[in-house]
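Open the model in a viewer and keep the selection panel at hand. The stops below go from the whole chain to single residues.

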Amino acid sequence: MNATASDEDADIAKAVAVLGNGGIVAHACEGVWGLACDPWSETAVTKILSIKHRDETKGLIVIAHDSCIFDAEICELELNKQEMVRGSWPGHTTWILPSERFSKLVTGDRLTIALRVPDHKQARELCRRYGKPLVSTSANISNKPPAKTRAEIHEILGSVVDFVLPGRIGDATGPSTIRDALTGAKLR
C-alpha cells in the first residue's frame with residue numbers, strides 16, 4: 001500500500017471515530033463539500049442545523065454506500081419505481097421516499113426522507129466504514145453557495161466542524177438533483 005492510500009485510510013478511520021462520538025465531519029462529494037453526521041444522533045443533527053442556520057422543517061439528505069441500506073424505504077415503492085431508484089445509484093440523484101425510521105430533525109416537517117448513494121468513492125467508503133447511513137448536507141450557511149474546495153471549508157466552517165476529511169469533489173457541477181420517487185418529478 002502506498003503512502004497516499006495509507007494516509008486516506010487513516011483519515012477515514014479518524015472521520016469514522018469523530019462520527020461515532022457524535023461529531024461533524026466535512027467531506028467531499030460529487031459536486032460540493034458536505035457536512036456529515038450520524039442521523040440518529042440528535043445532538044449532531046442539531047449541531048448541523050445550527051451550523052448551517054437551516055430551518056429544521058426543511059429536512060436533510062442522508063447518504064449510504066449501497067442502496068440495500070435503504071431497503072426499508074425503497075421496498076415500499078412499486079417494483080418499477082424501485083428499479084428506477086436503484087438504477088440511478090451510485091449517482092448524483094437524491095430521491096424523496098416515504099420513511100418512518102428517521103427522526104423529524106432529519107425529515108423536517110415531512111413523512112419522507114431524501115436519500116442518495118453518491119457517485120463519489122470516498123463518500124461511499126466513509127459510509128461503508130461507519131456502518132450505517134450518514135446525514136450529508138451541503139457545507140454552507142443556508143442561502144449561501146456551498147463550499148467547493150477544502151480551503152473554502154476551512155475558511156467558512158473550519159472552526160465549527162470537528163474534522164475535515166481530506167479529499168476532492170467529483171466532476172458534478174453542484175448539489176445533487178432531487179426527485180420524488182413516487183411521481184418522478186424533479187424538485188431541484
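Begin with contacts over the whole chain: among those with a separation of 6 or more, 69% join residues 24 or more positions apart. This is a predicted model. Colour by secondary structure to see seven helices and eight strands in the protein chain. The C-alpha trace spans about 45 × 40 × 30 Å along its principal axes. The radius of gyration is 16 Å, which agrees with the value near 16 Å that a compact globule of 188 residues would have.

Buried residues make up 48% of the 188 in the protein chain.

**Stop 1: Pro166**

Select Pro166, in the loop between strand S7 (163-164) and strand S8 (177-180).

**Stop 2: helix H6**

Step past the end of H6 to Gly131, which follows the helix and has a positive phi, near 95°.

**Stop 3: an aromatic pair**

Rings of Phe, Tyr and Trp with centres within 6.5 Å count as a pair, and the model has two aromatic pairs by this rule. One of them is formed by Trp40 and Phe102: the pair is stacked, at 5.0 Å centre to centre with 20° between the planes. It links distant parts of the chain, 62 residues apart: Trp40 is in the loop between strand S2 (33-37) and H2, and Phe102 is in the loop between S4 and helix H5 (104-107). With a surface on display, compare the two partners. Phe102 counts as buried at 6% relative accessibility, whereas Trp40 is partly exposed with a relative accessible area of 39%.

**Stop 4: backbone angles**

Most residues other than glycine have a negative phi, and most peptide bonds are trans. The next selections depart from this pattern.

- Select His53, in the loop between helix H2 (42-52) and strand S3 (61-63). The phi of His53 is positive, near 55°, and the residue counts as exposed at 59% relative accessibility.
- Select Asn143, in the loop between strand S6 (134-138) and helix H7 (150-156). The phi of Asn143 is positive too, near 70°, and Asn143 is exposed with a relative accessible area of 77%.
- Select Trp89 and Pro90. Which form does the peptide bond between them take, cis or trans? The bond from Trp89 to Pro90 is cis, with omega near -5°. Pro90 is in the loop between helix H4 (79-87) and strand S4 (93-98).

How values were computed: Residues numbered from 1 in each chain as written. Predicted model: local features only at pLDDT ≥ 70, side-chain atom pairs only at ≥ 80, totals over all residues. Heavy atoms only, no water. Helix = DSSP H or I, 4+ residues; strand = E, 2+ residues; numbered from the N terminus. Buried < 20%, exposed > 50% of the residue type's maximum accessible area, 1.4 Å probe, protein only. Phe/Tyr/Trp six-rings, centres within 6.5 Å; stacked < 30°, edge-to-face > 60°. Rg over C-alpha atoms; globule rule 2.2 N^0.38 Å. Contact = heavy atoms within 4.5 Å.
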